Amino acid sequence: MKKKSTVKVKSQRVDHLHIYITDSSSYTKTTKIPPKMAQHSILLLCFFLSISYLLSSCQTEATAIERLVPRDLYYKIFIHKDNTACPANGFYTYESFVQATRRFPRFASIGSPATQRLEVAAFLAQISHETTGGWATAPDGPYAWGLCFKEEVSPQSNYCDSSNTQWPCFPNKTYQGRGPIQLSWNYNYGPAGRALGFDGLKNPETVSNNSVIAFQTALWFWMTPQSPKPSCHDVMIGKYRPTAADLAANRTSGFGLTTNIINGGLECGIPGDGRVNDRIGFFQRYTGLFKVATGPNLDCENQRPYA
């Protein structure tokens, strides 16, 4: 049987690196490595340790969202997103979703596990409504067809607010709904692009061509307060504190307030609005899958929209 050997490295100075090789016969050999080689060896070791640390950090970050929304749950939520009838089939991959969330580490990571699941359910419900391809008698129900579209069909305008000089429209570009949240208008494309590292005014089509950026625009809108509106994130984690104007407008915390933030000007303050009910339907289905209660104030029919 071959005798086992052990290698011991001892260094008290960078230019004196000694290696002791011992085995059961107590044979010891000392090798002195030249100073430059010792320095290079230590630098190389530090480099590999740094790379290992960075990879470990990324893996931990990915594991957190994957643990909250495992792959099988993602595809159970979006049963028909890759149906050939959906224009966005193959676009909204699980990998793109996970990668996009890494840019927003506070998303679904604040509060109790139940709060985290509730926020994810609310976010996925809102982007599902915005991109739905479902109908009342659709296979598996109307709330199984989220992420069916990546761009608004037959936009009614170019969504350019020419009065907004901070985020001026680029010639021959349009700013209709794109991506999971259906990002719209130049005053949203501009700051979203700046925050995410692309030119949203010059290249708005990036949102419907790059699935990671598409998810990131939705998360940017979800996480970013736009005064006087709070962020949807703050609402769902219980951080929202209504102002006097909010109280007067009955803007109560809950899923309904996220609808007000996203599209309140068209949907809120209207009893029994079908679009609001569709959002609630997705939310109720998803909270069931996440095994968490919806909480109160699901609609916004008694809320005044933001000015």
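Predicted model: local features only at pLDDT ≥ 70, side-chain atom pairs only at ≥ 80, totals over all residues.
Me: What span should the 18 residues of helix H4 have at 1.5 Å a residue?

Reply: The expected span is 1.5 Å times one less than the number of residues. For H4, residues 113-130, that comes to 26 Å, and the end C-alpha atoms are 26 Å apart, so the two values agree.

Me: How many residues does the chain have, and what share of them is buried?

Reply: The chain has 307 residues, and 42% of them are buried. As for the surface, the chain exposes about 16,200 Å², of which carbon and sulfur atoms supply 56%.

Me: Which residues have the most contacts inside the largest nonpolar core?

Reply: In soluble globular proteins, nonpolar side chains tend to be buried together. Here the largest such core has 66 residues, and those with the most contacts inside it are Tyr74, Phe97, Phe107, Phe123, Leu124, Phe283 and Phe290. Helix H7, residues 211-223, gives the most to this core, with 10 residues. Another core, of five residues, lies apart from it; Cys86, Ala138, Ala144 and Trp145 are among its members.

Me: Which residues is Phe97 in contact with, leaving aside its neighbours within four places in sequence?

Reply: Such a list shows what the fold brings to a residue. For Phe97 the partners are Ile65, Val69, Tyr74, Phe123, Leu124 and Phe215. For the chain as a whole, residues 24 or more positions apart account for 61% of the contacts with a separation of 6 or more.

Me: How many salt bridges does a search of the whole structure find?

Reply: A salt bridge needs a side-chain nitrogen of Lys or Arg within 4 Å of a carboxyl oxygen of Asp or Glu. The search finds eight. One of them joins Glu95 to Arg71, with the closest N and O atoms 2.6 Å apart. Glu95 lies in helix H3 (residues 94-101) and Arg71 in helix H2 (residues 71-77), so the pair ties together parts 24 residues apart in sequence.

Me: Are Glu95 and Arg71 buried, exposed or partly exposed?

Reply: Glu95 has a relative accessible area of 41% and is partly exposed. Arg71, at 42%, also counts as partly exposed. By contrast, Arg251 and Asp246 are both buried, and their salt bridge has its closest N and O atoms 2.8 Å apart.

Me: Where is Arg178 found, and is Arg178 buried or exposed?

Reply: Position and cover are read separately. Arg178 is found in the loop between H4 and helix H5 (186-196). At 4% relative accessibility, Arg178 counts as buried. Its side chain reaches the backbone oxygen of Thr174 at 3.0 Å. Not counting residues up to four places away in sequence, Arg178 touches several residues, including Lys150, Glu151, Tyr189 and Ser208.

How values were computed
Residues numbered from 1 in each chain as written. Heavy atoms only, no water. Buried < 20%, exposed > 50% of the residue type's maximum accessible area, 1.4 Å probe, protein only. Contact = heavy atoms within 4.5 Å. Areas by Shrake-Rupley, 256 points an atom, 1.4 Å probe, with all protein chains shown as cover. Core = buried A, V, L, I, M, F, W, Y, C linked by side-chain atoms within 4.5 Å. Helix = DSSP H or I, 4+ residues; strand = E, 2+ residues; numbered from the N terminus. Polar contact = N/O pair within 3.5 Å; in protein donor to acceptor, adjacent residues only side chain to side chain.
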